[in-house]
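Student: I am new to this structure and would like a close look at a single part. Could you take me through the salt bridges slowly, and then show me what lies elsewhere?

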Amino acid sequence: MDKLGFYPAGYDSKIHGPYDPSRYYGKPDTPFGQVKLGEMGQWLARRNKSPIAMVQACGRAYWRWSFKYYYARKSGPAPYIQMISGVMLFFYAINYGKIKNHCAQKYH
């Protein structure tokens with residue numbers, strides 16, 4: 001837990017400039033879209049699967065989304081519609097057990 005609240009290990013302000021929370025500062029690797037099917041196992045083996053790495057990846061994804069949709073100068077209603085849709089999907093998923101029993105009933 002000593003990594004929380006600090007810059008990533010690969011970040012150097014002299015090389016990278018101002019810190020960008022949506023950028024990965026580690027060693028660059030082949031993007032997922034360019035990985036061939038035969039190389040998928042090796043590519044997955046190179047991933048860091050620790051819980052801290054997962055949280056960092058989610059944080060980078062959040063900041064990329066924020067910079068693209070929420071903090072844009074003319075963002076429009078897109079971020080709010082996406083947030084509402086995400087909340088609706090989440091509550092549907094957690095209540096699916098109660099909802100599925102009512103789908104096939106013909107009469108009440």
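Tutor: The side chains of Arg47 and Asp29 meet in a salt bridge, with 2.2 Å from N to O, where a salt bridge is defined as a side-chain nitrogen of Lys or Arg within 4 Å of a carboxyl oxygen of Asp or Glu. Arg47 lies in the loop between H2 and H3 and Asp29 in the loop between H1 and H2, so this pair ties together parts that are 18 residues apart in sequence. Salt bridges that share partners join Asp29, Arg46 and Arg47 into one network. The helices named here are DSSP runs (H or I, at least four residues; strands are E, at least two), numbered from the N terminus.

This is a predicted model, in which local features need pLDDT of at least 70 and side-chain atom pairs count only at pLDDT 80 or more, while totals for chains, interfaces and linings use all residues. Residues are numbered from 1 along each chain as its sequence is written, and side-chain values use heavy atoms, with hydrogens and water left out.

The structure holds two salt bridges, and in the other one the side chains of Asp29 and Arg46 meet at 3.1 Å, N to O. Arg46 lies in the loop between H2 and H3 and Asp29 in the loop between H1 and H2, so that pair links parts that are 17 residues apart in sequence. Asp29 counts as partly exposed at 33% relative accessibility, Arg46 is partly exposed at 47%, and Arg47 is partly exposed at 30%; buried means under 20% relative accessible area, exposed over 50%, and partly exposed in between (1.4 Å probe, protein chains only).

The loop between helix H1 (13–16) and helix H2 (40–45) also holds Pro18, which is exposed, with a relative accessible area of 72%. Not counting residues up to four places away in sequence, Pro18 touches Tyr11 and Tyr25, a contact being heavy atoms within 4.5 Å.

Elsewhere, Tyr62, Phe67, Tyr70, Tyr71, Tyr80 and Met83 make a nonpolar surface patch of about 620 Å². Such patches are made of residues with over 30% relative accessible area and no salt bridge, like charges being joined within 9 Å and nonpolar side chains (Val, Leu, Ile, Met, Phe, Trp, Tyr) within 5 Å, and accessible areas come from the Shrake-Rupley method with a 1.4 Å probe, only the protein chains shown counting as cover for residues. Helix H3 (51–70) and helix H4 (78–94) each supply at least two residues of the patch, and H3 gives the most, with three. Phe67 is placed in helix H3 and counts as partly exposed, at 36% relative accessibility.
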